[in-house]
Amino acid sequence: MTGTAWDWAQAIRSGEASSQEVVALHLEQIAAHNVEGMGVRAVIELNPEALLEAEARDRERDQGFLRGPLHGVPVLVKDNLDTAGPMQTTAGSLALEGHLAKEDAEVVRRLRAAGAVIIGKANLTEWANFLSDHMPNGYSSRGGQTLNPYGPGKFDVGGSSSGSGAGVAAGFAPVAIGTETSGSILSPSSANSLVGLKPTLGLVSRRGIIPIAMSQDTAGPMTRTVADAALLMSVIAGPAAGDVATQGVRWPAQAEWLDLRRGALRGARIGLPTAYLDGVPEDERRVFDRALAELRDLGAEVIECELPKLDFDYEVLIAEFPAALNAYLATVEPWLPVHSLADVMAFNARNADRALRYGQAIFERAQAAAHRRLADGSYIRARLRDLRQSRAEGIDRTLQAHALDALAFVNYYGCAIAAKAGYPSVTVPAGYTGEGKPVGLTLTGTAFSDVRLLQLAYDYEQATHHRRPPQM
């Protein structure tokens with residue numbers, strides 16, 4: 001199952017294949033390896049109307065009507081994005097079991113408007129990895145443990161968009177939507193030998209996504225190719241009523257997103273923040289060093305530089321989380337047992353044998369701080385510090401000082417500083433270690449440099465063709 005969204009869309013559009021055939025092929029792969037076979041457990045819930053939707057797309061095509069560039073193409077969506085209809089939205093939590101959103105998240109609405117068939121919901125690290133401080137990547141109480149198809153039980157699957165990453169790698173869908181607060185697209189994309197784009201905050205609406213932090217949450221594409229990532233961005237990027245992050249943004253036109261060509265790296269200046277190489281395993285470092293050499297061979301200049309090493313910390317997220325989650329839970333069905341963070345914690349405690357395998361230490365910390373609210377001076381200072389250190393004193397200063405197009409990191413090692421800044425990053429397969437573990441090359445830029453990053457990544461991808469599918 002290696003066909004890209006571009007391939008399938010063209011085949012459906014031309015009549016070479018039907019949407020029913022394409023969706024059925026992916027359903028067969030899910031049947032073979034989601035619970036049975038390799039037991040990837042990337043899909044937490046299947047869309048029972050997927051084949052009916054595919055039939056409808058075929059009828060529309062036969063009548064000369066194509067909804068958009070994804071007409072009839074199956075897409076996986078992370079289970080923290082609202083989907084109206086028969087599929088639940090639970091963030092992997094038993095506390096939200098049975099929750100049927102009243103309407104689609106804006107991202108899902110845009111996918112459907114472009115003709116996509118939502119084939120199912122992807123498992124995730126529960127509550128987008130914001131429940132426990134030692135929960136394994138890919139585990140949720142409702143969905144179980146997602147495995148990396150490149151080494152089930154051997155290689156980390158990455159988090160928190162684990163099912164989105166493993167599902168695309170395993171051929172359950174050609175593309176998927178993940179979300180990121182700090183590393184949750186980049187980590188599973190690099191771990192599963194995928195292309196993942198964490199967009200500039202505001203390019204993609206947050207409406208209808210179970211939140212962690214208003215200041216850092218975003219959705220983005222997880223795909224096998226850069227062209228597919230650009231195609232998805234051309235569909236999901238855009239404004240939404242009530243989402244202040246999208247106001248005043250200039251969105252690239254579809255033609256800009258899809259303007260990918262060879263030669264983008266020729267003359268490009270790529271920064272290498274050496275402090276971020278500390279702690280990289282030796283076998284992964286060898287793959288990354290080869291990727292840097294390949295960038296040079298393609299005409300880029302790689303320049304060692306300094307960049308503040310901002311580690312992932314919870315201070316801002318802890319402060320924003322209770323208000324964000326409580327606002328979302330206030331909208332769920334009245335018969336559900338949870339309408340606040342406190343309710344979820346109480347539900348988990350009552351059902352600890354099933355819901356608290358790894359505890360809820362992060363929830364406890366957030367609830368303990370909730371009484372301070374966002375007017376607390378420590379939150380304000382932390383948020384302003386994060387913006388200053390990540391932007392003016394961080395990414396922008398480094399880019400400007402060396403006239404750089406982008407910064408290069410191994411895997412997701414630079415995710416925290418880009419997440420705090422709200423700036424974009426794209427990861428692309430760079431190869432594999434001797435034992436077959438995927439390694440990614442990540443490029444990070446300034447605000448709204450998403451198109452430029454995709455162009456650089458495309459040139460690298462097309463020159464190297466490192467990605468290979470897992471053995472299934």
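Me: An axis here is a line fitted to C-alpha atoms, for helices over the stretch in contact, and angles run from 0 to 180 degrees between N-to-C directions. How do α2 and α3 lie to each other, and what makes you say so?

Reply: This is a predicted model, in which local features need pLDDT of at least 70 and side-chain atom pairs count only at pLDDT 80 or more, while totals for chains, interfaces and linings use all residues. Residues are numbered from 1 along each chain as its sequence is written, and side-chain values use heavy atoms, with hydrogens and water left out. The axes of α2 (residues 19-33) and α3 (residues 50-62) cross at roughly 155° and come within 8 Å. An angle over 145 degrees counts as roughly antiparallel, so α2 and α3 are roughly antiparallel to each other. Their crossing is right-handed.

Me: Which residues make the contact between α2 and α3?

Reply: On α2 they are Ser19, Gln20, Val23, Ala24 and Leu27, and on α3 they are Ala50, Leu51, Ala54, Glu55, Arg57 and Asp58. Contact means heavy atoms within 4.5 Å. By class, 6 of these residues are nonpolar, 2 polar and 3 charged.

Me: Why is threonine 442 called buried?

Reply: Its relative accessible area is 2%. Buried means under 20%, exposed over 50%, and partly exposed in between, so threonine 442 counts as buried. Threonine 442 sits in strand β13 (residues 438-444). Not counting residues up to four places away in sequence, threonine 442 touches several residues, including Leu186, Phe409, Asn411 and Tyr412.

Me: What makes the pair of threonine 442 and asparagine 411 a polar contact?

Reply: A polar atom of the threonine 442 side chain lies 2.4 Å from the backbone oxygen of asparagine 411. A polar contact is a pair of N or O atoms within 3.5 Å, where one must be able to donate a hydrogen and the other to accept it.

Me: How do you know whether serine 190 is buried or exposed?

Reply: Serine 190 has a relative accessible area of 4%, so it is buried. Serine 190 belongs to helix α7 (residues 186-191). Apart from neighbours within four places in sequence, its contacts include Asn411, Tyr412 and Thr427. A polar atom of its side chain also lies 3.1 Å from the backbone oxygen of serine 187.

Me: Is glycine 248 buried or exposed, and what makes it so?

Reply: Glycine 248 has 85% relative accessibility and therefore counts as exposed. Glycine 248 lies in the loop between α8 (226-236) and α9 (254-257). Its C-alpha atom is 41 Å from that of arginine 290, which is 42 residues apart from glycine 248 along the chain.

Conventions. Helices (H or I, at least four residues) and strands (E, at least two) are DSSP runs, numbered from the N terminus. Buried means under 20% relative accessible area, exposed over 50%, partly exposed in between (1.4 Å probe, protein chains only). Angles under 35 degrees count as roughly parallel, over 145 as roughly antiparallel, 65 to 115 as roughly perpendicular and the rest as oblique. A crossing is left-handed if the near helix is turned anticlockwise from the far one by less than a right angle, and right-handed if clockwise. Ala, Val, Leu, Ile, Met, Phe, Trp, Tyr, Cys and Pro count as nonpolar, Asp, Glu, Lys and Arg as charged, and the others, Gly among them, as polar.
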